Structure formats: structure tokens, C-alpha cells
Amino acid sequence: MATTSDTLQRQRSSDIAVRLARFRELGIVVFLIAVLGMTIAFQPDFLLKPINIRSILLWIPLLTVVAMGEMMVIITRGIDVSIGSMLAFAGIVVGMIFRDVPGFNIYLGALIGILLGALLGAVNGGLIAWLKIPPIITTLGTLSVYRGLVFIVSEGRQIDPNHVPTALIRWSQRGPFGIQWVPYVVLIAVVVAFLAYAFLRYTKGGRSIYAIGGNPEAARLRGVPVETTTFSVYLITGALCGLAGILYASRFGFVNPGETGVGFELTVIAAVVVGGTNVFGGSGSVLGVFLGCLLLGTINVALAVLGVASTWQLAVYGFVILLAVTVDAVIRRELRRATTGE
Amino acid sequence: MTDNLPVLTTHGIYMAFGGVNVLKDIDFEIYPGEIHGLVGENGAGKSTLLKNIAGVHVPKAGEIRLNGKVVQVPNPHAATDLQIALIHQEPLTFPDLDVAENIFIGRQPMSSGLSRLDWATMYSRSAEILNSLGVKLDPRAKVRGLSIADQQMVEMAGALSQDAKILLMDEPTAALTPSEVKDLFAIMRLLRDRGTAIVFISHRLEEVFEICDRITVLRDGELIDQRIVGEVSVDEIIQMMVGRPLSTLFEKGDTEEFGEPVLEVEGLMRTLKFENITFNIRAGEIVGMAGLIGAGRTDVARALFGTLEIDSGTIRIDGQRVEIGRPRDALKHGIIYVPEDRKQNGLLMPMSVIKNMTLAVLERLSRNGWLRESLEEEAAQEYVKKLNIVLRDPSQPVRELSGGNQQKVVLSRWLMTKPKVMLLDEPTRGIDIGAKAEVHRLMSELAAQGIAILMISSELPEILAMSDRIIVMREGRISGRFDKDEATAESVIAAAAGQFLQEG
């Protein structure tokens with residue numbers, strides 16, 4: 001009971017755990033400031049140039065939108081590596097519609113993209129939730145199946161800038177009330193993040209995601225709909241990839257079957273993990289993941305500004321993932337030792 | 001006790017796992033406002049019966065009636081709807097969620113209007129429920145880091161939040177300290193007085209006699225008898241549980257002379273696990289290690305085998321100080337460890353008996369770095385004969401063997417390494433009486449050959465019958481030491497439960 005001394009001791013330890021968990025998000029901020037500081041040391045006007053701010057801001061929407069879904073997947077102890085292919089599929093199909101049906105409504109186009117993504121995500125979710133195929137195997141398979149579909153559907157042809165509606169491209173160029181450096185795509189990402197927060201915090205479905213990741217067996221025995229929830233997180237991730245496909249077309253003005261979204265899973269998983277999501281499931285926060293996206297975006301732009309070759313970026317992401325996971329593992333081990341002696 | 005109608009009855013429940021009947025024709029009844037003890041040996045079917053009532057398993061035949069009406073309980077959710085709650089031995093909690101959410105998971109209160117989860121109500125209702133149980137827990141605290149006892153309280157609060165009328169408790173006290181047990185009992189009495197029907201499983205009969213109004217005895221899947229506490233003695237209950245006179249346990253004979261100390265442990269300490277552990281085992285001696293679950297016995301064994309790092313203390317083998325950082329070191333010094341959970345830690349279930357046996361001595365059975373299967377087979381055959389292992393063929397998978405024979409396969413593996421010290425963790429848990437006696441006979445033989453044996457056991461009769469000396473652990477410390485002839489069931493229990501501290 002809570003009155004015995006050893007329990008008190010354990011509770012005190014769990015206070016430390018809570019403090020460390022908060023420290024976790026603070027840690028990202030500290031890391032972010034360190035990156036900025038280092039960059040400013042070499043380029044004193046780094047943050048003063050609107051173009052740099054804009055670059056960072058433009059870099060995050062794609063990442064944030066997909067990372068919100070990936071975070072939910074990882075909280076349930078899953079993983080989805082097919083995100084880049086789903087993004088490309090939605091982008092290419094909607095791009096073809098824009099190309100072949102001039103004047104097609106861009107909002108309807110975006111909706112179609114989201115639905116296509118949801119469909120692909122539903123296939124992942126169905127295989128994982130009901131056929132019990134391990135997430136990594138399922139999504140590795142669909143990673144290449146969906147990429148293959150992209151080539152088949154597009155016949156290997158790129159969607160060129162002149163086929164992407166100007167109105168769509170403006171999403172990345174203009175913001176509301178004429179504020180140029182906060183484009184609409186950034187607002188879309190913020191809205192998605194806010195919705196993800198509301199969903200995870202204020203719905204039973206959102207809470208079930210945490211329950212499943214924390215203790216799957218207990219979740220089943222306590223009547224949490226494990227299969228439906230698992231299915232849903234992959235479906236949501238697919239839908240968000242669909243949206244990201246549209247944002248991609250808006251941001252870059254093209255969709256290329258062999259390039260768009262390739263390797264994107266690495267960046268997204270990096271952002272999610274750096275954002276403090278437990279790779280073993282059960283915990284993760286929207287704020288943390290958002291900060292993770294911001295950090296990766298800043299590193300990316302800083303590398304470019306400092307003149308580091310873009311070939312280095314991949315290695316840097318990989319390194320950042322390993323660093324985050326290692327720091328996490330060490331903290332957890334110390335914590336476990338402090339609370340249970342194990 | 002009340003003389004009104006039973007709240008729940010089962011009629012002719014049958015349940016089978018893999019063709020083996022684990023419950024046979026069970027007619028069981030529980031009354032509102034009673035605490036009903038369910039006792040029996042390991043494998044008697046106690047947990048299975050509760051799981052059948054709670055919808056975790058579905059019985060093969062038979063029916064369950066709630067207030068006289070036949071009900072279907074196809075899954076745990078249905079049980080919840082019928083106000084039946086199962087409290088598991090290992091609390092089923094969500095470590096990353098807070099206390100309140102653990103109580104309400106799946107049934108969180110929603111606010112009206114913009115339908116969203118109502119955290120404020122959830123916290124205030126959690127606080128109310130915890131208060132009514134007299135538990136001081138913060139509804140906002142994360143469950144990670146709470147003690148087992150507190151986690152159990154969270155689960156109980158969860159049961160109450162859904163107005164459970166029937167509370168099924170599967171060994172809730174197994175991992176609790178005595179003072180925690182006392183607190184749990186207070187809450188159980190409180191609930192009983194409010195009219196809740198409680199079924200309580202425990203292996204500790206003194207607890208059952210203390211808290212229960214009635215006792216049901218199961219043996220080998222059959223309901224033997226249902227008796228009222230006060231009209232039955234502990235001995236009678238034990239008689240019903242084992243179905244035979246008590247004295248059929250194998251007893252290790254007296255050994256006149258022991259050799260030199262083989263294993264000497266001094267001041268072993270590991271933060272939050274155990275401290276000041278000092279003892280020795282002489283050649284040919286069996287030292288029994290008694291204590292409650294969670295007292296730290298397994299951790300001491302793990303430390304001696306190198307799977308748990310120690311913070312301080314010394315270990316000597318044959319008088320030489322040794323460092324044991326990993327199992328390899330232990331094996332090098334002739335220490336072997338046979339873990340409690342054979343399936344998880346000991347045996348490779350799908351692999352053959354031969355492969356399982358030779359795992360630790362592959363080098364010896366190789367020539368020029370290549371494994372010689374003929375040597376493997378020879379070695380395995382030798383031990384099959386020596387240990388009297390019943391099997392069809394040594395190349396059949398271990399999975400197909402009975403529990404007792406599986407245990408002998410594990411023992412064979414380690415015996416092949418010609419050990420000096422054997423650490424046996426619950427060597428006869430979950431195996432039947434006949435096999436038990438054989439494992440005991442084998443242990444005596446091994447001791448007679450000069451091996452020093454540490455036997456961890458939670459079964460008092462086994463401790464008393466097999467040990468030359470007894471060490472009792474309690475909450476990470478040695479709380480009692482007894483020689484074979486001075487140890488009694490009462491004195492060992494007292495030391496384990498901490499009623500009388502006696503340092504030896």
C-alpha cells in the first residue's frame with residue numbers, strides 16, 4: 001500500500017521518472033538551440049534571413065503530417081516503412097488527374113489523395129490487425145508493392161511543374177493575410193498536429209492506442225478493441241501520407257515515380273523517435289514529435305547553409321536516430337535500475 | 001455468510017487444453033457477501049475455473065448462471081457487462097498511463113455536448129473510488145513505478161468503477177509483503193460487507209483460513225468438497241488437496257559428514273534486490289532456500305550465475321575468490337543454474353532431447369571443431385538411462401515430454417558439465433507427485449556424489465524434507481537459518497513472513 005516505506009521510495013523514483021519524461025521534451029529544445037547556436041557561430045545572420053526561416057518552415061509540413069501517423073503506429077508497438085510509397089502513389093495519381101483533367105478542383109484532388117492513401121493504409125492495417133502479420137514485414141512488402149504501383153500507374157513518367165495547378169503551388173508560397181513566410185502548408189501541418197493531439201488526448205480511440213502499446217494483453221482482457229484500433233492507426237497513417245502527397249506536389253511542383261518519397265520513412269521515423277516516442281510502444285506525444293520535426297528541419301537547412309554536401313544528410317539522420325535511441329535506452333535503463341533494481 | 005440465493009453458480013463445467021481435461025464437471029456456487037477460498041495444488045484447475053467464469057476461456061461444456069439465469073460469457077468484455085471482474089495474479093496495468101486511466105480504460109467518462117473524454121470527471125471519480133477503498137494513491141500518478149500492491153489496488157478500483165458484484169481474485173497475495181496482505185484483506189472485508197461476492201485463490205492456507213467464509217477444494221480438475229471455515233481443519237483441507245497421506249514425500253537421509261565448503265558467499269549486495277547475503281554450501285550438502293515470492297531468492301541465484309550484476313560482496317569457490325560477471329564465468333567455475341521457468345529460461349522446446357542435453361558441452365563432443373553427432377547421441381543415451389527419462393526416442397522434441405521428464409532433461413544438460421555447485425530454482429514446480437519424488441531422489445544422489453546444492457523452493461514440505469540446512473530470505477535479507485533437525489514448518493514460515501526475526 002501507499003503507506004509502506006518502500007512504496008514511498010518507489011513513488012519518489014517515479015517522480016524522477018516524470019521529471020525525466022518532461023526533461024525529454026526539454027532535451028529536444030536544448031538540442032535545437034545547440035544546433036542553432038552552432039550554425040549562428042558560422043553564419044551570424046542565419047536566423048535573420050527570412051529565406052532561412054522560410055526554408056525551415058517549408059521543410060516541416062510534409063514531415064509533421066506523416067510523423068503524426070507514424071507516431072501513432074509506433075505507440076502501438078508497430079512500424080510503417082511504406083509511408084514514402086503511399087505518399088508517392090497518392091501524389092502521382094492526383095497529379096495525373098490534374099494533368100489529364102485541366103481545371104480539376106484542387107480541394108477535390110486533395111480529398112482523392114487522402115482517400116487513396118487511406119485505402120493503401122487500410123491494406124497494411126488489415127494484414128497487420130487481423131492476419132497478424134508482423135508490421136515490419138507487412139510494410140516492407142507494401143513499400144515495394146506500392147512503389148511498383150506508382151511506376152505502373154504513371155508508366156514511369158514524372159508529373160511536371162506545368163501540370164501541377166498554380167493554385168496548389170501557391171499553398172507553399174503564400175500565407176493567409178498576405179503573410180508570406182508562413183505559407184498555407186505550414187498551417188495545414190499545424191492543424192493536423194492539433195487534430196492528432198485532440199484525438200490522442202480526448203477520444204477513447206486515442207487512449208486505446210496508448211493502452212495497446214503499453215500492455216497488449218491487458219488491453220485485450222480489459223475489452224479494448226485491439227484489432228480495430230491497430231487497423232485504424234495504419235489507415236490514419238495512409239490517409240496522412242495521401243495528404244502529404246498533395247503537399248509534396250505543392251511544395252516541389254513535381255511528382256517523380258522514382259524519387260518522390262524514396263527514403264522518406266527514415267526521416268519520419270527519425271523525427272518520431274527523436275521526438276521522444278518510445279520505440280517499444282506505449283508512449284509518445286504530439287508536442288515532442290512536432291519538436292522532433294522542427295529539429296530535423298533545422299538540421300537540414302543548417303547543413304545546407306553551412307555548405308555541407310547534401311550527400312551527408314542521410315548519414316546525419318541515421319546518426320540522430322541512433323543518438324536519440326541510445327540516450328533513451330540509457331535513461332530507461334537507469335530508471336529501471338532506480339525503481340526496481342533490475 | 002448469508003442464507004439467501006447464490007449470486008453465481010456453475011453447472012457441469014468441463015474445460016480441456018489439448019485434449020486433457022483440466023476441469024471436470026464443476027458445480028460451484030458463490031453467495032453475495034462472502035469471501036470464498038479456492039484451494040488446491042498446482043494444476044488443480046483453480047485459475048482455469050476463474051478464467052472460465054470471467055470469459056478468458058470458454059468452457060467446453062456446462063453452464064454459468066447469474067442470479068439463476070443462464071448467461072454466456074464468451075469474452076472478458078461480456079464478463080465486465082455482467083459485473084464480473086477478474087483480478088489477475090500479475091496486475092494487468094498500463095505502465096505509461098496514469099492511475100485514473102488504468103481504472104477507467106475502455107469506459108472513460110465522456111462529456112456531453114462536444115463528445116470528448118472528460119478528464120476532470122475521470123480524476124474526481126477515481127479519487128472517490130480510491131478513497132472508498134482507503135487507498136492513498138494519486139489518480140494522476142503514472143502506474144509505472146508503483147508497487148505490485150498498489151497496482152493491484154488500481155485493478156480493484158477498476159473493478160469497482162464498473163460496479164463489479166463478483167470479484168474473482170487469482171492469487172492476489174502471492175507477490176505482496178505481509179503488511180500489504182493485511183491492507184488487502186481489510187479492503188476485501190469492506191467489499192464483502194457491501195455485498196460483493198469474492199472468490200480468493202491462495203496457496204497460503206493460513207491466509208485462506210483467516211479471510212474466507214467458505215472453502216472449495218479442487219484436485220486434478222475435480223471439485224472435491226465445499227466446506228465452511230470453522231467447521232474444517234487445515235489438516236483436513238490439506239488431506240483433500242493432496243488426496244493422500246502427507247508423508248509420501250521423498251526424504252533426504254541424514255548425511256554424517258560433509259566435505260569442505262565449495263561455495264562461500266559473503267556480504268553479497270545488489271541495490272533494491274538483496275543485501276548482506278552470507279552463507280556457504282559444503283560438498284554433498286543441500287541447502288534449502290525458503291521465503292515468499294519476491295523475497296530475492298531468485299535474484300541471489302542469478303547473481304551467483306552471472307545474470308544479475310552485484311554491487312558488492314565476494315564469492316569463493318573451493319576457497320578461491322572468483323569474479324562472476326556472466327554465465328560463462330559461472331560455468332567455468334562449475335556453477336550451474338536450473339531456472340524456475342523451464343519453458344522460458346531452460347529448454348529449447350522444438351529441439352530434440354539430444355540437442356537440449358548437449359548444449360552446454362558441445363566442445364567436448366566435437367573433434368577438430370566439428371560436432372560429432374554419434375558422441376552427442378551416446379552422451380544423451382547415457383543420461384536418459386541414468387535419470388530414468390521416459391521418452392519414445394531421444395531425437396523427439398522436448399516439447400512432447402511430460403513436465404517431470406522435461407525437468408530431467410534440463411538437469412542432464414547441466415550434469416554433463418560435471419558441476420561442483422548446482423543452483424536449483426523451484427526444481428519441482430508444476431510437475432506431478434511421482435516425478436517430484438524422482439527429482440528428489442536424484443538430488444540426493446547428486447549430493448552424495450559431492451555436489452553442493454542450493455535448492456530454492458516455495459513448497460515448505462519440500463524444503464523440510466530435502467534440506468540439510470535451511471536459509472530463509474525475507475525482503476532481500478536472510479531472516480533465518482536452521483539446521484535440519486531444528487527446523488519446523490512454523491519456524492520457517494515465521495522467518496519468511498517476518499514475525500520473529502532470528503539472525504543465525
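Let me start with A:G214, which, once its neighbours within four places in sequence are left aside, is in contact with A:G282 and also with B:F94, B:P95, B:D96 and B:L97. Please keep in mind that what we are looking at is a predicted model. This glycine, A:G214, has its place in helix α8 of chain A, which covers residues 204-214. Is A:G214 buried or exposed? The answer is that A:G214 is buried, since 27 other C-beta atoms are found within 10 Å, and the cut-off for calling a residue buried is 20 or more.

Stepping back to chain A as a whole, its secondary structure comes to 13 helices and zero strands. The radius of gyration of chain A is 21 Å, close to the 20 Å that the globule rule gives for 342 residues, and so chain A is as compact as a globular protein of that length. Taken along the principal axes, the C-alpha atoms of chain A fill a box of roughly 75 × 55 × 35 Å, and buried residues account for 49% of the 342 residues. If we take the contacts in chain A between residues at least 6 apart in sequence, 79% of them join residues at least 24 apart.

Now to chain B, and to its helix α1, residues 46-53. Why can we say that this helix is largely enclosed by the rest of the structure? Eight of the eight residues of α1 in chain B are buried, and therefore the helix is largely enclosed; among those buried residues are B:K46, B:L49, B:K51 and B:I53. Just after α1(B), B:G55 takes a positive phi of about 80°.

Chain B also has an open sheet, in which four strands come in the order β14-β13-β16-β17, with antiparallel pairing. The edge strands are β14 (274-282) and β17 (320-322) of chain B, each of which pairs on one side only. On average, and with direction ignored, neighbouring strands of this sheet are turned by 20° against each other. Strand β13 of chain B, residues 261-270, runs antiparallel to β14(B) and is joined to it by six bridges, and B:R270 stands opposite B:F274 in β14(B). Finally, helix α9 of chain B, residues 297-305, packs on the sheet, where it touches β13, β14 and β16 (312-317) of chain B, and its direction makes about 115° with that of β13(B).

Technical notes
Residues are numbered from 1 along each chain as its sequence is written. Chains are lettered from A and ligands numbered from 1 in the order in which they are written. This is a predicted model: local features need pLDDT of at least 70, side-chain atom pairs count only at pLDDT 80 or more; totals for chains, interfaces and linings use all residues. A residue is buried if 20 or more other C-beta atoms lie within 10 Å of its own, exposed if 12 or fewer, and partly exposed in between; C-beta atoms are placed from the backbone. Helices (H or I, at least four residues) and strands (E, at least two) are DSSP runs, numbered from the N terminus. Two residues are in contact if their C-beta atoms, placed from the backbone, lie within 7 Å. Two strands pair if DSSP finds at least two bridges between them. Axes are lines fitted to C-alpha atoms, for helices over the stretch in contact, and angles run from 0 to 180 degrees between N-to-C directions. The radius of gyration is taken over C-alpha atoms; the globule rule is 2.2 Å times the number of residues to the power 0.38.
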